[in-house]
Amino acid sequence: MTTEAIFQTQLIQKAWEDPSFKAKLLSDPKSAIKEVLGVRIPDHIEIRTLEENPNELYLVIPPNPTGVIKSEAKERAIW
């Protein structure tokens, strides 16, 4: 599990347990994250928080890695 995934899990757990933290996480995520995890998010990074509902699905599309992956790399799997 990545550090990012561990932080996300901790934040979600805290939001489920503490309604006031959940409200702060939704309205001011950087401040809430710093308060709970002691992690300061740089100003140039934007954080958006959403609360899912049972009838919704959010698909997060990460940045395109075109500039990161070498063109010589061969595909190892197919969809």
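Helix α3 is followed by G38, whose phi is positive, near 75°. Helices here are DSSP runs of H or I with at least four residues, and strands are runs of E with at least two, numbered from the N terminus. The model is predicted: local features need pLDDT of at least 70, side-chain atom pairs count only at pLDDT 80 or more, and totals for chains, interfaces and linings use all residues. Residues are numbered from 1 along each chain as its sequence is written, and side-chain values use heavy atoms, with hydrogens and water left out.

The protein chain has 3 helices and 0 strands. Of its 79 residues, 10% count as buried, that is, under 20% relative accessible area with a 1.4 Å probe, protein chains only (exposed is over 50%, partly exposed in between).

In α3 the buried residues are P29, A32 and I33. Seen down the axis of α3, they fall within an arc of 100°, so they line one face of the helix; the arc is that of the directions from the helix axis to the C-beta atoms. An α-helix has 3.6 residues a turn, so residues three or four places apart point the same way. The buried residues of α3 pack against α1 and α2.

The axes of α2 and α3 come within 5 Å and cross at roughly 135°. Axes are lines fitted to C-alpha atoms, for helices over the stretch in contact, and angles run from 0 to 180 degrees between N-to-C directions. The two helices, α2 and α3, are therefore oblique to each other (under 35 degrees is roughly parallel, over 145 roughly antiparallel, 65 to 115 roughly perpendicular, the rest oblique). On the α2 side the contact (heavy atoms within 4.5 Å) is made by F21, K24, L25, L26 and S27, and on the α3 side by P29, S31, A32, I33, E35 and V36.

The largest nonpolar core has 7 residues: L11, A15, F21, L25, A32, I33 and I41. Such a core is a set of buried Ala, Val, Leu, Ile, Met, Phe, Trp, Tyr and Cys residues joined through side-chain atoms within 4.5 Å.

L11 lies in helix α1 and, at 10% relative accessibility, counts as buried. Not counting residues up to four places away in sequence, L11 touches F21, L25, I33 and L37, while A32 touches F21, K24 and L25. L11 and V36 are 25 residues apart in sequence and 7.9 Å apart in space, C-alpha to C-alpha.
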